[in-house]
Amino acid sequence: MKKFLAVLLALVMVLAVSGAAMAASDWDVTAGSNTQVEVGANSATAYFRFAGSGAQYTVTHQITNNSNNTADFALGTSENDRGASVSVPAGRSAEISYTVDSPTMDNKTFKAYLSDGDGNWDQFENGFYTVYAKEATRASFVNFEFTSTKGNFDTAYRTLTLSPSDTGAFDITADAHSANLVINYKIGNGSYDTGNNKGSVTARNIDVPNINATNTVTFRVTNEAGEQAEHTITIDHPSNARLSALRVEGVSTGTRYINETNPASSLSATTKADKNVYVTASVADPMQYEIKIGGTTVTSGSPKQYAIGDTASGTTLNITVTNRANSSDTRSYTVKLVMAKAVDLYALDVALDEAGKKPLDLYRNSSLSSSYKGFRATTYDYWLDDSEIDDKDDLYILVELSSRADERTFDVDVHSKDRIREVDDYVWRVTTTGEDITVTISAEGYQDTVYTLHQKGSSSTGKLEDLAIYNGENTTSKKNLLDMYPTFASTVADYYVFIPYDRNDEPYVTVLATVANKTDYLKINNTEKASNTDELQVSVPVGFGDGKEITITAGDSKYTVKVFRAERNADDDLGLSVMKLYTDANLTAANEVTLTAGSTSGNVKKYTATVPASQTNVWLNTKAQHNSSYVLVNGKMVSEQTTAAKTTKIELNKTGTTTITVVNMAEDCETEQRYEIVVSKGVTDALLRSLILSTATNTLNYSPVFNSNTVYYCTNVPYADSVIYFTPTTNATGSTIKINNAAVSNAVRSAAFNVSVGQNTFDITVTSAAGVDKHYYVNVLRQTQTPVIKVTKQRLSVNGGASQALAAYNIDGYNYLKLRDVAKLLSGTTKQFNVGYDAATRLVTMTTGVPYVSVGGELQIPTAYKAAKVSPQIIRMNGQNVYPMAYNIDGYNYFLMRDLALLLDCDIQYDANTATVNLNTNKAFAN
């Protein structure tokens, strides 16, 4: 076959996508155009590169025939694998193509063949070169890894592992502390536009500068053929500044108008009679976020008082929460408070028929005295004389407001447990059996004024109307009427009667009981009343000496009368050896109330006592001198012929004074000594309203969350902080405050108090104008510069039970235990709690009052102990953050046992002889 000379082989490659140029060792082909490339004499090998996969590609040759003869030209991988040939006339040029599928292309050899038309094909020689085809590696990422140079981010994946076909968008949410994120990304195999960056990991810092902004970054990789893979990552940077809780409560009524967790940005409330409110705003992290109300910084979780205007516009409080480290991270709230408009009735009438022809008198006092007869708009309790009302009578309630304007503004409703319906505008019919009737005037959903109508003397079916005990058989003579202890009331079930000795060999008492209606059931011992009467009289033999018990049944209510009759020559000795009053069931000297002796009237010795205004109960401890006498407190028998001391809990009246009567009755059931204690509440409470702790540079978190009635608190400071400051606030006029006996000013930051290494206790004493003291205690642990950490064979005993060995450390002389170990041992006690983890806040959680749920590994002693370091771990206890001292040891948090006992309010003692911590869940914590 003839050999053709001076044939120029040209190669053309068409690229599908834009991209960078080929590597220098390959043919430079401009993407998107047909570029003729000459194979020079010095080129032994050249490559075609094809983008993508799964498609067909075409190799195109352009040839120029400089010979004088026509030649045939073909392209293929062998003589038997050739594409169609093209005939190239002498001195002319032509193109020929060869089409292949890409999976067959990688490293295939293409050869050029010539023929002179005789059917025989020869491979090019003498300067014509072999051409290879090579498929490009697909552009792809292997994975992305996300870290933060500051703060955190929240995403379902910290690392994205991608398959070669993955593309798309991914979202990351950064927290308010995050300044920027670092994204490490690894690309797939192949040569890339980054040079020799095959399979490398490259870090890229992504700034996240703006709160409430979305930041988008695109990652793109291009392969040799110009094909690209692309991922878009969106970084959301929301504001974390928010209130965790907001409470608004009335100063005078104590009503909570707003009590929201994670409150909305705009809130409103209408108050009742409160012209002033306490506003308590809280954030989850007080160290990171500052709260301002009306431009003034307030303490998280501490109430602050604000006045409400009495106009229709009320008062709007503007609250802001700002990130101390990033002022652009802020959130605003508005709280609108409006005091409800009050209105009184113009007229209130009650009649026995609809036409009002039989009106009933209203009495402003339960005595039904004529001097208290008549309606007054500013009196809210009234009594009806039910002697004028027959059973099942219909009452007609007529209500009038001051004007039609008020009628349009206010709603009036009448309520009763009995059947009721509205007859006409402001007229209601009540079918009554003696229940109270209330008339409520309300505006904007609030009850502003409530009038109550009582039916004097009426009682519901099932209660006694009256009860009397007479000395003797079948007698109701007034001269034989016996005193009952206490005086009869339908709501009191137990009574006592004392009868001196007489010569009657068969002593009796006569019991006369009365019910409200003839249809009411009544029985004395085993005798039932007749159906046509509302009373029953029964004579009961009672004997001498120990009490005889009489049982009275009225409907489903039961009453007992215990009768004591003296024997011949019974003792008349009297006297109490102990009569003391306390503000707590724990009868300690610190809780004792001073009894001040007053005048004696007849056989009544009088005393007065003053307790704090917040006191709701007192405890009276009495002891008789003689074991033959009896002691009654407020008519209730507490000591029956014994000298044992007895304690009685007494509920105090909400307003005014409370009178406590004590009767010491001699064995002769005739001689008695009476005592009367009038208990007054202090003019003001000796209470703190708020407390702020701080070092020279920072406000301190402490536990538990401050409450005026919580006495014990704990906190800790690093070694570098050698002083602490207190800002105590009390709203009681005339109160004084001392800290460790040093006077400090109200609502003003104190002078510095020194804090020694280890535990420090500060006694904050608030003294009211009435001289009543209230003590608060703050335990401050100052860390050492170089902690002395020892493994300890610590044991823990709960409520006196067997001691349990625990994984424990003694750090600077104090015991630190695992939280889950303590929870395991306390499960089933009154101080049990469960432990969890809140992934959203990354806080350990404690939920008290529920059994502990084991996760395994509790109460196990490790085989080796490792170094300890101070842990910043915060615990969310019942929804509120607490900050017990903690160390992290080998990945576990160990907490100061004394702090945990304080938070759980249980007694903690240490037995050095047995190296055992003793917890008593039945006693309160005490320093």
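User: Strands are DSSP runs of E, at least two residues, numbered from the N terminus. Given that, in which strand is Thr727 found?

Analyst: The model is predicted. The strand that holds Thr727 covers residues 723-729. Its name is β59.

User: Is Thr727 buried or exposed?

Analyst: The relative accessible area of Thr727 is 12%. Buried means under 20%. Because 12% falls under that cut-off, Thr727 is buried.

User: Which residues does Thr727 touch, not counting those up to four places away in sequence?

Analyst: Thr727 lies in β59, and residues up to four places away in sequence are set aside for this list. The residues that Thr727 then touches are Ser690, Leu691, Ile692, Ala747, Val748 and Arg749.

User: How many helices and strands does the protein chain have?

Analyst: The protein chain has 927 residues, of which 44% count as buried. Its secondary structure comes to three helices and 78 strands.

User: What share of the contacts with a separation of 6 or more is made by residues 24 or more positions apart?

Analyst: The count covers contacts in the protein chain with a separation of 6 or more. Residues 24 or more positions apart account for a share of 60%.

User: Do β24 and β27 run parallel or antiparallel, and which residue of β27 is the bridge partner of Tyr289?

Analyst: Strands of a sheet pair through backbone hydrogen bonds, either parallel or antiparallel. Strand β24 (residues 289-293) is joined to strand β27 (residues 315-323) by five bridges, and the two run antiparallel. In β27, the bridge partner of Tyr289 is Asn323.

User: How many salt bridges does a search of the whole structure find?

Analyst: Side chains of opposite charge can pair when their charged atoms come close. One of these pairs is Arg674 and Glu672, at 2.7 Å from N to O. The search of the whole structure finds five salt bridges.

User: In which helix is Leu826, and what is its relative accessible area?

Analyst: Leu826 is placed in helix α2 (residues 819-826). The buried residues of α2 are Leu819, Asp821, Val822, Ala823 and Leu826. Leu826 has a relative accessible area of 0%.

User: What distance separates the C-alpha atoms of Leu826 and Tyr852?

Analyst: Leaving aside neighbours within four places in sequence, Leu826 is in contact with residues including Val798, Phe833 and Leu919. Tyr852 is 26 residues from Leu826 along the chain. Their C-alpha atoms are separated by 8.2 Å.

User: Which residue with a positive phi follows α2?

Analyst: Helix α2 covers residues 819-826. The residue that follows it has a phi near 95 degrees. That residue is Gly828.

User: In which strand is confidence lowest?

Analyst: The mean pLDDT of the protein chain is 77, and 72% of its residues reach 70 or more. Confidence is highest in strand β62 (residues 753-754), at 96. With a mean of 32 over residues 7-12, the lowest is strand β1.

User: How many contacts beyond near neighbours in sequence does the stretch of residues 1-55 have in the model?

Analyst: Over residues 1-55 the pLDDT is below 50. Where pLDDT is low, the predicted coordinates should not be read in detail. The number of such contacts that the model has for this stretch is 138.

Notes
Residues numbered from 1 in each chain as written. Predicted model: local features only at pLDDT ≥ 70, side-chain atom pairs only at ≥ 80, totals over all residues. Heavy atoms only, no water. Salt bridge = Lys/Arg side-chain N within 4 Å of Asp/Glu carboxyl O. Helix = DSSP H or I, 4+ residues; strand = E, 2+ residues; numbered from the N terminus. Buried < 20%, exposed > 50% of the residue type's maximum accessible area, 1.4 Å probe, protein only. Contact = heavy atoms within 4.5 Å. Pairing = 2+ DSSP bridges. pLDDT = per-residue confidence, 0-100.
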